[in-house]
Amino acid sequence: MTGPSRRLSVQVDGVALAPEEAVAMWERFSAHMEEHKGDLAGFAAKEGFASAQPSFDASGAVLLLSRTAPQQSYANAKGLGAPTPKAARGSGGRAKRRPKR
């Protein structure tokens with residue numbers, strides 16, 4: 001599931017769950033998302049939270065849960081090292097120039 005240097009973590013209103021609890025929560029989250037594609041709000045409600053948002057940081061995947069923050073639309077995970085939209089990063093390399101004639 002994760003590489004040796006990557007980990008799964010869960011934060012509830014900014015407080016990290018114990019590693020064992022985090023893995024169990026990720027397992028429930030993954031199972032729910034397999035059955036109900038994109039249903040973050042449903043998972044949050046089922047677990048007693050107002051919102052759920054998958055994300056990641058330098059150490060691995062982070063599931064952000066909140067008892068008060070409103071649910072945001074499902075989107076690509078955001079975090080450290082997240083790819084920026086193509087328009088924001090430019091062409092990604094040198095443009096090939098045609099020789100002048």
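Tutor: Begin with the order of elements. This is a predicted model. Along the sequence the chain runs β-β-α-α-β-β-α.

Student: How many helices and strands does the chain have?
Tutor: Three helices and four strands.

Student: Next, the strands. In which sense do β3 and β4 pair?
Tutor: Look at the bridges between them. Strand β3, residues 51–57, pairs with β4 in the antiparallel sense, and seven bridges link them. The two form a hairpin, with two residues between them.

Student: In which sense does β1 pair with β4?
Tutor: Strand β1, residues 7–12, pairs with β4 in the parallel sense, over six bridges.

Student: Which residue of β4 stands opposite L8?
Tutor: A61 in β4 stands opposite L8. F56 also stands opposite A61.

Student: Why is β4 described as largely enclosed by the rest of the structure?
Tutor: Count its buried residues. A residue is buried when its relative accessible area is under 20%. Strand β4 covers residues 60–66, and five of its seven residues are buried, so the rest of the structure largely encloses it.

Student: What share of the whole chain is buried?
Tutor: Of the 101 residues in the chain, 24% are buried.

Student: Last, contacts. What share joins residues 24 or more positions apart?
Tutor: Take the contacts with a separation of 6 or more. Residues 24 or more positions apart account for 39% of these.

Key: Residues numbered from 1 in each chain as written. Predicted model: local features only at pLDDT ≥ 70, side-chain atom pairs only at ≥ 80, totals over all residues. Heavy atoms only, no water. Buried < 20%, exposed > 50% of the residue type's maximum accessible area, 1.4 Å probe, protein only. Contact = heavy atoms within 4.5 Å. Pairing = 2+ DSSP bridges.
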